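Hi,

Here is the structure I promised to pass on. Have a look, and my notes follow below.

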Amino acid sequence: MNEVANYWQEVLKINNWQKNRISRIIVNKLFGNISEKKIAILGSTGSIGKNLIKILSIDKNNINIVLLTSNKNYKLLLKQAKLLDAKNIIITDKKKYEICLKKNKNKKLKIFNSFKDLNKIFRNKVDYTMAA
């Protein structure tokens, strides 16, 4: 049993290394500088999105998160929006959207239920849109 457990621990280490490597590539593709950039993250509650949020939170005072999105995970989406002071979120599941509206304590955060609202969100240029 120890051999199997050790094997899976090594798999998890490789997986974490790979997620961190991908996140570093993303930041490098942003010319190594994300300061003052307007950023939208589609799928911020997925595994890649969570790692991206982790990296962006290091410099959270110098970025402008215009949009975060999720299908159902409203709890994590609201937490991410608070952490990064996001301006808008989209949660596409109708029931979770209704719950999200009730749970939201940030009056500056705009909550939408459909990608059809992108024209309301993107009135100005966004520097980077990341699909995670």
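A quick definition before the surface: patches are built from residues with over 30% relative accessible area and no salt bridge, joining like charges within 9 Å and nonpolar side chains (Val, Leu, Ile, Met, Phe, Trp, Tyr) within 5 Å. A salt bridge here is a side-chain nitrogen of Lys or Arg within 4 Å of a carboxyl oxygen of Asp or Glu. By that rule, Lys75, Lys103, Lys105 and Lys107 form a positive surface patch.

Do bear in mind that this is a predicted model: local features need pLDDT of at least 70, side-chain atom pairs count only at pLDDT 80 or more, and totals for chains, interfaces and linings use all residues. Residues are numbered from 1 along each chain as its sequence is written, and side-chain values use heavy atoms, leaving out hydrogens and water.

As for the fold, the protein chain has 5 helices and 5 strands, in the order α-β-α-β-α-β-α-β-α-β. Those are DSSP runs numbered from the N terminus: helices are H or I with at least four residues, strands E with at least two. Of the 132 residues in the protein chain, 35% are buried. The C-alpha atoms fill a box of roughly 55 × 35 × 25 Å along the principal axes.

Cheers

How values were computed: Buried means under 20% relative accessible area, exposed over 50%, partly exposed in between (1.4 Å probe, protein chains only). Accessible areas come from the Shrake-Rupley method with a 1.4 Å probe; for residues, only the protein chains shown count as cover. Lys and Arg count as positive and Asp and Glu as negative; His and the chain ends are not counted. The place of a charge is taken as NZ of Lys, CZ of Arg, CG of Asp or CD of Glu.
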